[in-house]
Amino acid sequence: GAGGRSRVAEDLALDVSRLMDGVREEVLALMLEGVQKSASFCASLCAERIVAARREMQRKLAEERRELERFYGPSGNLHGSFPVPP
């Protein structure tokens, strides 16, 4: 009778609740995995850009150093302005 139907409804509600919990856990695990992959990708992209910027800065500094040495000479004096001691 009515008691049996009530019991079936409670069991169904419990099954649905368990199913929802299971699905929620799986979705959370997938989301966490996605966030971790995104964070990893962002970190590697950031590191690549930092390394590239650093190399570019070192290249520019070396170029400027060469220009200064060409202009002032390795001793730091203007060419022809002061005699370079032996």
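Five salt bridges are present in the structure, a salt bridge being a side-chain nitrogen of Lys or Arg within 4 Å of a carboxyl oxygen of Asp or Glu. The model is predicted, so that local features need pLDDT of at least 70 and side-chain atom pairs count only at pLDDT 80 or more, whereas totals for chains, interfaces and linings use all residues. Residues are numbered from 1 along each chain as its sequence is written, and side-chain values use heavy atoms, with hydrogens and water left out.

One of the salt bridges links D15 to R18, with an N to O distance of 3.3 Å. The two residues lie three positions apart in helix α1 (residues 2-72), which places about one helical turn between them. Helices are DSSP runs of H or I with at least four residues, numbered from the N terminus. D15 is partly exposed at a relative accessible area of 45%, and R18 is exposed at 53%; exposed means over 50% relative accessible area, buried under 20% and partly exposed in between (1.4 Å probe, protein chains only).

D21 and R24 form another salt bridge, their closest N and O atoms lying 2.7 Å apart. About one helical turn of helix α1 separates this pair, because the residues are three apart. R24 is partly exposed, with 44% relative accessibility, and D21 is partly exposed, with 33%.

In the salt bridge between E56 and R59, the closest N and O atoms are 2.6 Å apart. These residues are also three apart in helix α1, or about one helical turn. E56 is partly exposed at 32% relative accessibility, as is R59 at 40%. Salt bridges with shared partners connect E56, R59 and E63 in one network.
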